[in-house]
Amino acid sequence: MNENELMYAMALTRIPTIGCKWATMLYEAAETATALYENRKEIKSIIPDATEKICELLAEFPIYVEQVKPELEFMHHYSIKGLVWGDEDYPIRLRECPDAPLVLFQKGNANLNRQRIISVVGTRRCTEYGRDLCRTFLRDLSTLDSDILVVSGLAYGIDAQAHEQALQNHMDTVGVLAHGLDRIYPQSNRGLASRMVECGALLTEYFSGTDPDAFNFVQRNRIVAGISDCCIVVESQEKGGSLITADLAQGYHRDVFAFPGRTIDRASQGCNNLIANHVAVLISGAEDFMKQMRWTVSRPKVIERELFVELNEEEQLIVNVLKETDGLPINIIAVRANLSVSKVTSLLLKLEIKGLIKTLVGGTYKLLG
């Protein structure tokens, strides 16, 4: 895009008290940031309804243009692309949201207007169950359509798992940051972020030097929610950022989905509440999700037999115990497998998610197929 237009749009976002929403509204009214800058002394000629306060603020436009020039140099040096609200490369879905940022900064070449985009979010303190859900869901989803773009927040836990599993299954993935592109937070995700730039992108509305403050994460969540067709909550406690993202997604009229967990599991309480309160639709796996979205499968389905190949030793042990019965309670399975009840409970949940077993009336478990 035109370098001056990007510079003026960036400067507009830096003018104090105008804020994100007003900046975008002024941009829409004037049609370009350049028009705002060039008519700053007579702003009412292009925006008749502009208040005196807005006129006063825009009169100081040149000050902030000078302030953003070092940021433009930083962007050139690190191959960072600026996306302004009116650009064809700006995320179309996000543009529909009333609080969309005027400017985004992108490192990487992911197409943010891919035909199908999903957000996958969840708790930072994920369990083995949550990690396994992410692994299985994205693996199976890639066999149905590997061209889906996976978006998350590059945080600890489910976010990092979603990005990692997307990469492992040859799916592009985008991390939305709560700070500038001069750093990665948490630092433990730096290696992951580097790989994402090669097969996806890092995205933020924040200038370099911006710290990862708590409020920024809440702001970041609206981009995660708005840029996608739907939001999938994998695992969440009763309170957390992923629930904020789900609420934002619902407010933007996006589909919201959640994986259920046991009622006694704190890490799944948020997901269970989303389902119970009709904020999210319960899903059990990739095929179920595709049906709920009414998305056609673009690649042949090759899931069923692969599930058996990828069982670990303990999961296979449980399958072997159930092979010769029409249903067993957990305590009997534990005795026959020589495992603790808590371990068997975890394994049964994994096998149920994979579609290999089902729970019968009375709390017994049966092998399917």
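**Confidence and conventions**

I looked first at the pLDDT (the predictor's confidence in each residue, from 0 to 100), which averages 89 over the protein, with 95% of the residues scoring at least 70. Residues 300-309 fall below 50, and I noted that this stretch has 14 contacts (heavy atoms within 4.5 Å) in the model beyond near neighbours in sequence. The model is predicted, and I kept to its limits: local features need pLDDT of at least 70, side-chain atom pairs count only at pLDDT 80 or more, and totals for chains, interfaces and linings use all residues. Residues are numbered from 1 along each chain as its sequence is written, and side-chain values use heavy atoms, with hydrogens and water left out.

**The sheet**

Helices (H or I, at least four residues) and strands (E, at least two) are DSSP runs numbered from the N terminus, and two strands count as paired if DSSP finds at least two bridges between them. On that basis I found an open sheet of nine strands with mixed pairing, ordered β1-β2-β6-β5-β4-β3-β7-β8-β9. At its edges I found β1 (81-84) and β9 (281-282), each of which pairs on one side only. I then followed β7 (residues 230-233) and β8 (residues 255-258), which pair in the parallel sense over four bridges; Ile232 has Phe257 of β8 as its bridge partner.

**Helices across the sheet**

For angles I used axes that are lines fitted to C-alpha atoms, for helices over the stretch in contact, with angles running from 0 to 180 degrees between N-to-C directions. Helix α8 (residues 158-168) lies across β3 (117-121), β4 (149-152) and β5 (173-176), and runs at about 160 degrees to β4. Helix α10 (residues 214-226) lies across β2 (103-108), β3, β4, β5 and β6 (200-204), at about 155 degrees to β5.

**Helix against helix**

Which residues of α7 meet α13? I found Phe137, Asp140, Leu141 and Leu144 of α7 against Ala286, Glu287, Phe289 and Met290 of α13. Helix α7 (residues 128-144) and helix α13 (residues 286-293) pack at about 55 degrees, with their axes 8 Å apart. The two are therefore oblique to each other, where under 35 degrees counts as roughly parallel, over 145 as roughly antiparallel, 65 to 115 as roughly perpendicular and the rest as oblique.

Last, I looked up helix α1 (residues 3-14) and helix α5 (residues 61-77), whose axes come within 8 Å and cross at roughly 120 degrees.
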